[in-house]
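Have the model open as you go.

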Amino acid sequence: MIRKFISRVFNGKKARPGQHEPAVIPVSTHGITRNRISSGSRRVCTTLQENGHKAYVVGGAVRDLLIGAEPKDFDVATDATPEEVRRAFRRSRIIGRRFQIVHVMMGQEQIEVTTFRGQLGDDTKKDEHGRVLHDNVFGSHAEDAARRDFTANALYYDPSSEAVIDYHHGVGDLKARTLRMIGEPRGRYREDPVRMLRAVRLAAKLGLAIDPEARRPIREMATLLENVPAARLFDEMLKLLTSGHSVKCITQLRDEGLHHGLLPLLDVILEQPLGEKFVMLALANTDERVHRGKGTSPGFLFAALLWHEVLAHWEKLKAAGEPKIPALFQAMDTVLDVQGEKLAITRRIAGDIKEIWLLQPRFDQRAGKRPYGLLEQPRFRAGYDFLLLRAESGEAEQEIADWWTRFQNADGEERAQMLLPEQPGDKKRRRRRKKPAAAGSPSAAA
């Protein structure tokens with residue numbers, strides 16, 4: 001082994017994936033004891049091992065534990081096929097088209113179990129740009145490690161022995177604070193262009209520097225993202241925005257030239273002084289909520305990202321003579337239709353976005369019964385938080401935001417005193433109902 005290593009160094013050759021033995025790092029070195037692994041993932045590994053299979057906690061959970069972070073979830077990799085995993089667990093189901101995985105329910109915990117992936121062959125189904133379309137090819141443990149995207153994600157933890165199995169020097173790269181691609185970066189990006197977005201997200205989230213060899217091709221290959229299904233881009237964007245490091249992610253996306261392929265309107269928004277300030281405030285607010293363990297709303301996030309583009313369209317339509325509210329509806333539809341070409345924003349989230357936007361002009365109405373009606377709206381709190389961001393960025397009047405802060409916290413008598421005087425155009429015109437014609441009249445007899 002030492003001779004092979006020395007020969008590789010002096011000959012300038014790199015070992016081919018899967019052709020070297022992994023480093024087996026004991027718990028005395030890495031310090032991750034099995035009680036730090038979720039009970040569900042431990043039980044899945046134990047059951048599969050008792051059935052004669054290899055099974056390890058894999059990827060992000062191991063990586064996060066090594067750097068002292070709390071894993072969001074625990075995935076398992078095994079040499080058992082999806083059908084074998086399905087038979088081993090009563091509460092499980094096989095999902096996925098591009099690559100089949102199994103979701104196993106352990107109490108309230110859902111464990112994602114994947115079969116070791118094999119090396120891609122010449123007959124692997126790809127599109128004209130090299131993106132892998134179908135990948136149900138199973139292989140060995142070493143092949144699975146070689147198929148992982150980054151060395152930091154090719155780490156396996158065995159709960160039974162408490163050892164970390166490292167095929168590609170991932171532990172060393174984490175210590176060096178480097179995000180390194182496994183294999184030749186250009187080829188790996190062609191297989192799955194989303195890896196470029198993952199590189200930016202993981203580097204920002206983990207505080208790592210992207211290895212120059214992996215970073216260099218990103219800008220010139222960014223157009224490959226145009227061939228990725230919109231649903232996958234939307235999922236990746238959600239992960240990026242809710243990572244707790246969205247400000248850094250968005251900034252690095254722009255630095256790497258990826259924003260044009262991901263959010264076509266984002267570069268336009270960030271070029272507007274008020275728009276950039278508003279977006280960055282919204283992202284900073286989201287990052288703070290993530291760090292405090294609070295929930296985040298995809299609808300609120302995308303409403304913030306796209307608001308200033310809606311404003312631009314809205315103002316043009318009003319200037320052209322369109323009535324205020326119909327113009328807002330038209331502007332919203334235009335912006336969401338353009339985004340829909342790149343990001344598969346679900347109907348539910350699109351509905352949330354529109355509700356937040358439609359509440360904004362209603363905050364200007366502070367007379368009569370309308371403020372009371374607005375307080376009863378299910379999305380009032382989201383709309384109010386959105387108003388506060390608009391005021392903080394300078395796009396809305398601070399006096400309006402302060403009024404609503406006081407109004408919602410005031411009692412009944414104080415609220416009544418806060419109402420502004422009715423203006424001539426505030427009250428809706430009521431239609432005069434025609435009285436029924438009297439019996440015997442010409443109209444009644446007609």
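In β5, V104 is the bridge partner of S92. Strands here are DSSP runs of E with at least two residues, helices are runs of H or I with at least four residues, and both are numbered from the N terminus. Strand β4 (residues 92-95) and β5 run antiparallel and are joined by four bridges; two strands count as paired if DSSP finds at least two bridges between them. On to the next partner: six bridges join β5 to strand β6 (residues 109-115), and this pair also runs antiparallel. Within β6, T114 stands opposite I101.

β5 and β6 form a hairpin with two residues between them, and G107 in the turn has a positive phi of about 65°. Strand β5 itself (residues 101-106) is mostly covered, with five of its six residues buried. Buried means under 20% relative accessible area, exposed means over 50%, and partly exposed lies in between (1.4 Å probe, protein chains only).

## How to read the model

This is a predicted model, in which local features need pLDDT of at least 70 and side-chain atom pairs count only at pLDDT 80 or more, while totals for chains, interfaces and linings use all residues. Residues are numbered from 1 along each chain as its sequence is written, and side-chain values use heavy atoms, with hydrogens and water left out.

## The chain as a whole

The chain holds 24 helices and ten strands. Of its 446 residues, 47% are buried. The accessible surface comes to about 23,600 Å², and carbon and sulfur atoms hold 49% of that; these areas come from the Shrake-Rupley method with a 1.4 Å probe, and for residues only the protein chains shown count as cover.

Among contacts with a separation of 6 or more, 66% link residues 24 or more positions apart. Contact means heavy atoms within 4.5 Å.

Helix α9 (residues 194-206) has 13 residues and reaches 18 Å from its first C-alpha to its last, close to the 18 Å expected at 1.5 Å a residue. The expected span is 1.5 Å times one less than the number of residues. Eleven of the 13 residues of α9 are buried, including M196, L197, V200 and L202. Just after α9, G207 takes a positive phi of about 70°. Helix α12 (residues 230-241) has twelve residues and spans 16 Å from first C-alpha to last, close to the 16 Å expected; among its buried residues are L233, F234 and M237.

Where does R63 lie? R63 is in helix α4 (residues 60-66), and it counts as buried because its relative accessible area is 6%. Leaving aside neighbours within four places in sequence, the contacts of R63 are A152, N153, L174, L202, K205 and L206. R63 and N153 are 90 residues apart in sequence, yet 6.4 Å apart in space, C-alpha to C-alpha.

## Positive phi outside glycine

H169, in the loop between β8 (163-166) and α7 (170-175), has a positive phi near 60° although it is not a glycine. H169 counts as exposed because its relative accessibility is 53%.

R177, in the loop between α7 and β9 (178-179), is also not a glycine and has a positive phi of about 55°. At 37% relative accessibility, R177 counts as partly exposed.

## Cysteines

How many disulfides are there? The count is zero, taking a disulfide as a pair of cysteine sulfur atoms within 2.5 Å. C45 is buried at 1% relative accessible area, and C249 is buried at 0% relative accessibility.
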